[in-house]
Amino acid sequence: MTIKLYHNGKKTNHLNRSNDFMLDSKGRFQIAHYDRQPAFASFLPGIGGPEGVPLWCLYVNRGQGISSFGVGNKDNAVVEFLPANWAYQLCGIQGFRTFCKINGAYYEPFQNNCQTDRHQLLRNMWIEMDRLILQEENHTLGLRFTVTYFSPVNKPLGSLARTLSITNTGSSPMRIEGLDGLPLIIPAGFTDVGIKTMRRIHEAYASVRLVSGRVPFYAAKVMAHDEAEVEEVRRGNFYAAWLADGNALRSIEPFYDADIIFGPNQDLVTPRRFIEQVVLDRDQQVSENKLPCAMVPFNVKLEPGRDLTLTALAGM
């Protein structure tokens, strides 16, 4: 498979690593073609401020970057903790994903697959002191996808903020129907050892309920441990999302049942039902006894030069 790469606006078939790593004019560390470079892993700064809750957050130069995050330790994960070698393999499946139907044609940015071979694109990563930025400039589609991550400080809960911006860089209007978020999110109350060694059993303890009608709250029904005493889980993970509408933010309810999006295969690779169906039926969602997701729907018409911005906050 040959990927058509662009560097500084010029087509190239080779990676020039001496030019792919640099400090830009804003003092950010830039990595061109980041997902084609040798794999590496790092952490976002775990700083919560004097009155806040710090977040641990691992990222890699694959997929959409973030592979794991949570609060305190691995037993309080929002996205399952993965060691680096697993993260390289699974970040593009379990990590943040964006599914788009652009004028009816399916496309997923930030992936490397057979579909990518037909697109002329440039992908960059920028690492700042307090945030991570990823961008895909797709010259074939006439679209720019930009993702930014950072952790809010001095807040009473540990959370990761994420913004997705899609800009129409072409000359024609585009209708974009999409889903954005996490194909897999871990309910609070699951231990790292439990989710890795007794994953199927833990599914029976999973549950989701909506808070304020639009924010999924993910928690185990009770602690999933082999003891006589039933222990209540008094915490939960959440995923809230808003779409920018002029000067206001419009709250959007995420889908929490992955089967509605991917179908019954449970592979989390191809969102078959999203591709095939005109409308996904929220009423068919199952809110317990399966590992949930957090995928936010949007449907907009983008005029040339205009963009959409989707903001999400996930944490415990």
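## Surface patches

Keep in mind that this is a predicted model. On its surface, D226, E227, E229 and E231 make up a negative patch. D226 sits in the loop that links strand 17 (215-220) to strand 18 (237-245). With a relative accessible area of 81%, D226 is exposed, because the cut-off for that is over 50%.

There's a nonpolar patch as well: F21, L23 and F29 form it, and together they show about 280 Å² of accessible area. F21 belongs to strand 3 (residues 21-23). This residue is partly exposed, at 32% relative accessibility.

## Nonpolar cores

Now for the inside. The largest nonpolar core counts 49 residues, and I66, F69, Y149, L160, I166 and Y239 have the most contacts within it. Strand 20 (residues 294-302) supplies the largest share of this core, with 5 residues.

Most residues other than glycine have a negative phi. S212 isn't a glycine, yet it has a positive phi of about 60°. You'll find S212 in the loop between strand 16 (206-211) and strand 17, and at 74% relative accessibility it is exposed.

Q266 is another non-glycine residue with a positive phi, this time about 65°. Its place is the loop between helix 5 (258-262) and helix 6 (272-276).

How values were computed
Residues are numbered from 1 along each chain as its sequence is written. This is a predicted model: local features need pLDDT of at least 70, side-chain atom pairs count only at pLDDT 80 or more; totals for chains, interfaces and linings use all residues. Side-chain values use heavy atoms; hydrogens and water are left out. Patches are made of residues with over 30% relative accessible area and no salt bridge: like charges are joined within 9 Å, nonpolar side chains (Val, Leu, Ile, Met, Phe, Trp, Tyr) within 5 Å. Accessible areas come from the Shrake-Rupley method with a 1.4 Å probe; for residues, only the protein chains shown count as cover. A salt bridge is a side-chain nitrogen of Lys or Arg within 4 Å of a carboxyl oxygen of Asp or Glu. Lys and Arg count as positive and Asp and Glu as negative; His and the chain ends are not counted. The place of a charge is taken as NZ of Lys, CZ of Arg, CG of Asp or CD of Glu. Helices (H or I, at least four residues) and strands (E, at least two) are DSSP runs, numbered from the N terminus. Buried means under 20% relative accessible area, exposed over 50%, partly exposed in between (1.4 Å probe, protein chains only). A nonpolar core is a set of buried Ala, Val, Leu, Ile, Met, Phe, Trp, Tyr and Cys residues joined through side-chain atoms within 4.5 Å.
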